[in-house]
Amino acid sequence: MTDIIIKNLPILVVLCPLMMSLFVVLIPNTFISWVVTLFTTLITFIFSLLLYQEVYQYSSISYALGNWIPPLGIEYVIDKVSIIPIIIITLISFLTTFFASKIMPAEINNSSISKVYSLWLLAIAGLIGLVTTGDAFNLFVFLEISSLASVALVAMGAQKDKQALVAAYNYLILGAVGATFYVIGVGLLYGITGTLNLADLSSRITEINDNKALVAGFGFMIVGIMVKAAVFPLHIWLPRAYAYAPSAVSVLLAATATKASLYILARILFSVFDISDTLITLTLTYVILPLSIIAMFAGTIMAIYEKDIKRLLAHSSIAQIGYITLAFAIGTKASVAAGFIHMFNHALIKGALFMAITSMSFYLNKRITINTLSGLGRAMPITFSCFVICSLSLAGVPLTAGFISKLYIIKASISAEGVWIALLILASSALSVIYLWKMIEAMWFHEGPKDLVIKENPTVYIALLMITFLNIYFGLDASIVVNSSFEAADQLLGVQK
Amino acid sequence: MDNNPILRIATKILFAPIILFGLYVQFHGDFGPGGGFQAGVIVASAFILYAIVFGLEKGKELFPLSINLFLLALGGILYGGVGIASMMLGDEFLSYNVLGSSQQAGQHIGILLVEFGVGLTVSNVMIALFYAFASFESSNGEKK
């Protein structure tokens, strides 16, 4: 039995949530459906840890679906690069499912909760599949599975606020445009090379010089993925979708959804295409680098002027995605590694911040804006302290996870591009302190309503405590994250053809 | 359309042959054009036709939502179940070779079950979509 599990791990991480989502939809009882979902995400997380072990033993695992030998059949590839987003997604989905137990019934009708959990698992399965697959078209399928499931999840917010429908519709249309662009790109590349397997594709691309269709295909793919990853000018869908989705869904999406797409972006830029290629160098320096820098400032400034807290955090996500793409755009090993470090840490930070805000809106039973925050700090000390710690982490204060990622990004950018990018990063971090302070000030120093009594509920704050603990832990001892990220960058950039 | 005998009788006559044709496309799919997806849509069209002619209420009486949801999930579970069975028998996910006594028999069983799963899910998704869109109007009228 263990043999079978070990042998089939690459498919099991995808299959476990995918199959269980079909079972969960049939469970009428809301509590049982939550337990089954929690159990599924836990098992998936354990599978991904086992996979982590396997990857470090064999460096790369290839799994042929249906025993059709790649590149003919669909291949699942787990290597030191893809294991990082897999761990992020499975860890965060376990924590958020745990967190959702009380939050979900407060916002969703009892009759549709099991369906929401089914979609929830489907979205997770889609995201994990996106990362594991080594086939360009299979990737598109998972892209659609994850984004359609998340669109439906966002739309479930309509039971509280009808705005969610508009948000979901925006997300659907832009997501569909992104996916279409991606698949057009895949089609063009398939026309030139005659293969869909990513590894095979990259070896055939190197044999082709100066092909206009290749450039067009590359452009379509990159733009399509950039929509999904919410890279700056293509981020319009994100703030609304995160703000009006049911709270638990916001936590899940904010922490995981864009990470998988960012990984795909890195994979296409560095692994399918070749970094020494002028096409990639030009794209990185003239497209992705400037966009990331604008994103860092635009996201932060929009966050400063935002009143609604969930939207504020969503805008801040855009700035943080900017840091990650900036790290990729610099294109050295150290910077790509820094990008992966920040990918992991940002998932922890944003997950925690959204959880804290979600708990507040759960206790108050209304939307959280900057005005409703008044006095909440004193009324709910546990949630507030977690919020402060994670805010510090977002700003990049030492001893938190955020510091580690900022440190590595700045170090990598100084050694590659000189001081100016480092200065820009520092400036944007300094600006982010403004909106973080605005929230903390409101919570702690502003006088709240007199009758504000809140009894904090352990089932709500335990997950928050866990994720906050991880924020501190990975700030004190970042060796695992840093080492795996450097190994990943080595594998991603190392094998130069 | 309750008072139109031609439509009602034509529907009753057509209902069984449509499903029969669906089954033909389903099981012929192993050897020629056809397969679960097309068959699923054809089978669903029989139920949708019934619901259009006799009304949504009658349609839901014939094919209740709970069964619809159950079969919808069951099709997917059947598909994945074939994959899990082949993993249990020691081969890769969805590798049909190990399912039967010989490689050919295994391939036959595998594709048959998988296509049947596809057919179940597709037909029920079609019906579910029809129910969802058809009941949208009426629930909108009595909006809360």
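**Figure 1. Leu94(B), in the loop between α4 and α5 of chain B.** In this predicted model, Leu94(B) sits in the loop that links α4 (65-88) to α5 (103-141) of chain B. Its phi is positive, about 65°, although Leu94(B) is not a glycine. Is Leu94(B) buried or exposed? Leu94(B) has 22 C-beta neighbours inside 10 Å, so it counts as buried; the cut-off for buried is 20 or more.

**Figure 2. Chain B as a whole.** Chain B has 5 helices and 0 strands. Along the sequence the pattern reads α-α-α-α-α. The radius of gyration is 18 Å, well over the 15 Å that the globule rule gives for 144 residues, so chain B is more spread out than a compact globule. Along its principal axes, the C-alpha trace of chain B spans about 60 × 40 × 20 Å. Of the 144 residues, 33% count as buried. Take the contacts in chain B between residues at least 6 apart in sequence: 59% of these join residues at least 24 apart.

**Figure 3. Where chain B touches chain A.** How many residues of chain B are in contact with chain A? The count is 14, and they meet 13 residues of chain A. The chain B side of this contact has 8 nonpolar, 4 polar and 2 charged residues.

**Figure 4. Helix α19 of chain A.** Helix α19 covers residues 458-476 of chain A. Its 19 residues should span 27 Å at 1.5 Å a residue, and its end C-alpha atoms are 26 Å apart, which agrees. The buried residues of α19(A) are Val460(A), Ala463(A), Leu464(A), Ile467(A), Thr468(A), Leu470(A), Asn471(A), Phe474(A) and Gly475(A).

Figure 5. What do the buried residues of α19(A) pack against? Their partners in chain A are α4 (83-107), α14 (333-364), α16 (381-395), α17 (401-417) and α20 (479-494). On the face of α19(A) turned away from the buried side are the exposed residues Pro458(A), Thr459(A) and Leu476(A).

**Figure 6. A cis peptide bond in chain A.** Pro70(A) and Pro71(A) are joined by a cis peptide bond. Omega is about 10°. Where is Pro71(A)? It lies in the loop between β1 (60-64) and β2 (75-79) of chain A.

**Figure 7. Asn365(A), in the loop between α14 and α15 of chain A.** The loop that holds Asn365(A) runs between α14 and α15 (376-379) of chain A. Asn365(A) is not a glycine, yet its phi is positive, about 60°.

**Figure 8. Pro233(A) and Leu291(A).** Pro233(A) is in the loop between α9 (212-229) and α10 (237-244) of chain A. With 11 C-beta neighbours inside 10 Å, Pro233(A) counts as exposed. In sequence, Pro233(A) and Leu291(A) are 58 residues apart. In space, their C-alpha atoms are 7.6 Å apart.

Conventions. Residues are numbered from 1 along each chain as its sequence is written. Chains are lettered from A and ligands numbered from 1 in the order in which they are written. This is a predicted model: local features need pLDDT of at least 70, side-chain atom pairs count only at pLDDT 80 or more; totals for chains, interfaces and linings use all residues. Two residues are in contact if their C-beta atoms, placed from the backbone, lie within 7 Å. Ala, Val, Leu, Ile, Met, Phe, Trp, Tyr, Cys and Pro count as nonpolar, Asp, Glu, Lys and Arg as charged, and the others, Gly among them, as polar. Helices (H or I, at least four residues) and strands (E, at least two) are DSSP runs, numbered from the N terminus. The expected span of a helix is 1.5 Å times one less than its number of residues. A residue is buried if 20 or more other C-beta atoms lie within 10 Å of its own, exposed if 12 or fewer, and partly exposed in between; C-beta atoms are placed from the backbone. The radius of gyration is taken over C-alpha atoms; the globule rule is 2.2 Å times the number of residues to the power 0.38.
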